[in-house]
Amino acid sequence: MTVISAALFGTDWRPRLPGGAELLRECAARGWTVVLTGPGPAGAPALTVAAPGSDPLRAALELVDGSPSHAVAVAGSVREVLAARRVGVPCIALETGGDAGPELRAAGAVEVHRDAAALLRVLDDSLLARPRAFGRVGVGTGGAWNG
């Protein structure tokens, strides 16, 4: 499984985000491939990709020969949720990026959590633990569909 984490653990990552490093470590401990779309926290068990001028999610998938059907994006803004949607990757959003839950859901987030610590507490019941259970993401529409 590939976990793609955008600005929350990339260019905008700040050590004070509750549970961020712990979430990354737990994903790595479970054997999941973790790719950050920017510089990540020091010592985090993750690959890092920075793709100026291109689609960082697509670049991250290419880095690990990943498939959107086996990936989950973790995003902190409507812009990042929409980027995941364009690539066809289901997305979990965290409200620590400034956008509220209803906005993140309207953009296409499958799940919304207050922060990384809240996601970590329900990790086994989250989309991260079962990426294909959600089905394919409607590329370009933001809608999800099973099939």
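Of the 147 residues of the chain, 48% count as buried, where buried means under 20% relative accessible area, exposed over 50% and partly exposed in between (1.4 Å probe, protein chains only). The structure is a predicted model, in which local features need pLDDT of at least 70 and side-chain atom pairs count only at pLDDT 80 or more, while totals for chains, interfaces and linings use all residues. Residues are numbered from 1 along each chain as its sequence is written, and side-chain values use heavy atoms, with hydrogens and water left out.

The chain exposes about 6800 Å², of which carbon and sulfur atoms supply 52%; accessible areas come from the Shrake-Rupley method with a 1.4 Å probe, and for residues only the protein chains shown count as cover. Among contacts in the chain with a separation of 6 or more, residues 24 or more positions apart account for 49%. Contact here means heavy atoms within 4.5 Å.

The secondary structure comprises five helices and eight strands. Helices (H or I, at least four residues) and strands (E, at least two) are DSSP runs, numbered from the N terminus. In order from the N terminus, the elements run β-α-β-β-α-β-α-β-α-β-α-β-β.

Strand β5 (residues 91-94) contains Ile92. Two strands are taken to pair if DSSP finds at least two bridges between them. Strand β4 (residues 71-75) runs parallel to β5 and is joined to it by three bridges, and Val74 has Ile92 as its bridge partner in β5. Between β4 and β5 the chain passes through helix α3 (residues 78-87), in a β-α-β crossover that is right-handed. A crossover is called right-handed if, with the strands pointing away from the viewer, the path from the first strand over the helix to the second runs clockwise.

β5 also pairs with strand β6 (residues 111-113), in the parallel sense and over three bridges. In this pairing, Leu94 stands opposite His113 of β6.

Ile92 counts as buried because its relative accessible area is 0%. Apart from neighbours within four places in sequence, Ile92 is in contact with Val72, Ala73, Val74, Ala75, Glu111, His113, Leu119, Ser126, Leu127 and Leu128.

Cys91 has 2% relative accessibility and so counts as buried. Cys27 is buried as well, with a relative accessible area of 2%. The structure holds zero disulfides, a disulfide being a pair of cysteine sulfur atoms within 2.5 Å.

In helix α2 (residues 56-63), the buried residues are Leu57, Ala59, Ala60 and Leu61. Asp65 follows α2 and has a positive phi, near 50°. Helix α5 (residues 116-121) includes Ala118, which is buried at a relative accessible area of 13%. A separation of 8.9 Å lies between the C-alpha atoms of Ala118 and Leu94, which are 24 residues apart along the chain.
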